[in-house]
Amino acid sequence: MSITPAPSPEIPDEERQRQHQEQEQQQQQQYEQQQYQEQQDQQQAPYQPPQQYYQQPPAQAQYVSPEVQRAQRQNTIWKWVVLVFAVLYVAGSIYFIVDLRGRLDRVEHSSESLHGDVHELNRKLGDAQADTDTLASQLGITKKELARRTADLQRQQRAAEQRLAEQQKQQISAVSGEVAGVKTEVGGVKTDVASTRSDLEATKAKLERAIGDLGVQSGLIARTRGDLETLKHAGDKNYFEFSLTKNKQFVPVSTVSLQLKKADSKHGRFTMNVRSDDRVIEKKNRNVDEPIQFYTGRQHYLYEIVVWTVEKNKISGYLSTPKGAPQPVTAN
């Protein structure tokens, strides 16, 4: 036995519309209240900066040591060097391939030309053989007789070549004799040159050049009075010989004045003052045969002093001046 539910009372359309409007109004009010509550909460809540700003601080520059930077630069330089070398290698390979191809083309062309020349030569030889056969037939000469005459001509040619070779050998022998004579004369000249060179070496050993205390290449150095006379006769410079004793007074030599302050005969050293152009130049602890250099005059002439003997409180030597330097004034 089934139970049939009672039928629900029917709701009029107007009532249903009214209920639907009331539900929509309630939902609208709830939504407005929710929005208003959220605005109030946002106004009351303190400002909080974004967490992401603090969670992700700005990245700091990473410190790179000078060794790493130097290694990076060297690696970069090596990369560029390898790249340039590779480019040059590729360019050179391309040039070599192109040049080789051109050479092969020229060789092929030459080979074709050579084949053509050989073919033309064979043709001419055939023509010459035909002409020879024709000539022999016209003259009534057989091939055997023609070969015999050809052999005779070849023997005559070899004999003529042998005579020519003998004549050349005789001429070469004569020329060799003349060359031997010339070599003898050249040997004598070499001997004379060697002796002259030895004399020059002896002269150089006697008169040598040196670097002065100012770092300037000096002229020839005279170590004795005889060497000084040789230099005077050469006439390249003006030379003034002097002897100084330890004194407080300056001694005039040419256009300058010299003063000896100290002399060490045991070690061959001395100290002297040079007065030139109203100034005094000290030359301290100088050695024997050492060029002592200084500039003087408006033209900055280079003067040199060489001392060849050092005694107790006494030195001897000479002063050399250029040819164009002023000369000392002497009373008539």
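Three aromatic pairs were counted in the predicted model, with rings of Phe, Tyr and Trp (its six-membered ring) taken as paired if their centres lie within 6.5 Å, and with planes under 30 degrees apart classed as stacked, over 60 as edge-to-face and the rest as tilted. For Phe294 and Tyr303 the ring centres are 5.7 Å apart and the planes stand at 55 degrees, so this pair is tilted. Both Phe294 and Tyr303 are buried, where buried means under 20% relative accessible area, exposed over 50% and partly exposed in between (1.4 Å probe, protein chains only). Tyr239, Trp308 and Tyr318 are linked into a cluster by ring pairs. Arg275 lies over the face of Phe250, at 4.4 Å from the ring centre; a charge sits over a ring if NZ of Lys or CZ of Arg is within 6 Å of the ring centre and within 35 degrees of the ring normal.

The model is predicted, with local features needing pLDDT of at least 70 and side-chain atom pairs counting only at pLDDT 80 or more, while totals for chains, interfaces and linings use all residues. Residues are numbered from 1 along each chain as its sequence is written, and side-chain values use heavy atoms, with hydrogens and water left out.

Ile281 lies in strand E7 (residues 279–287); strands (E, at least two residues) are DSSP runs numbered from the N terminus. Ile281 counts as buried because its relative accessibility is 16%. Leaving aside residues up to four places away in sequence, Ile281 touches Met272, Asn273, Val274 and Phe294, contact meaning heavy atoms within 4.5 Å.

One cavity of 30 Å³ or more was found. On a 1 Å grid over the protein atoms alone, a cavity is a set of points where a 1.4 Å probe fits but cannot get out, and a pocket is an open set with protein on both sides within 12 Å along at least five of seven lines; lining residues have an atom within 4 Å of a point. Grid points are joined across faces, edges and corners, and a volume is the space filled by probe spheres set on the points. The largest cavity has a volume of about 40 Å³. Its lining includes Tyr239 and Tyr318, and the largest share, four residues, comes from E2.

The largest pocket has a volume of about 190 Å³. Among the residues lining this pocket are Arg275 and Tyr303.
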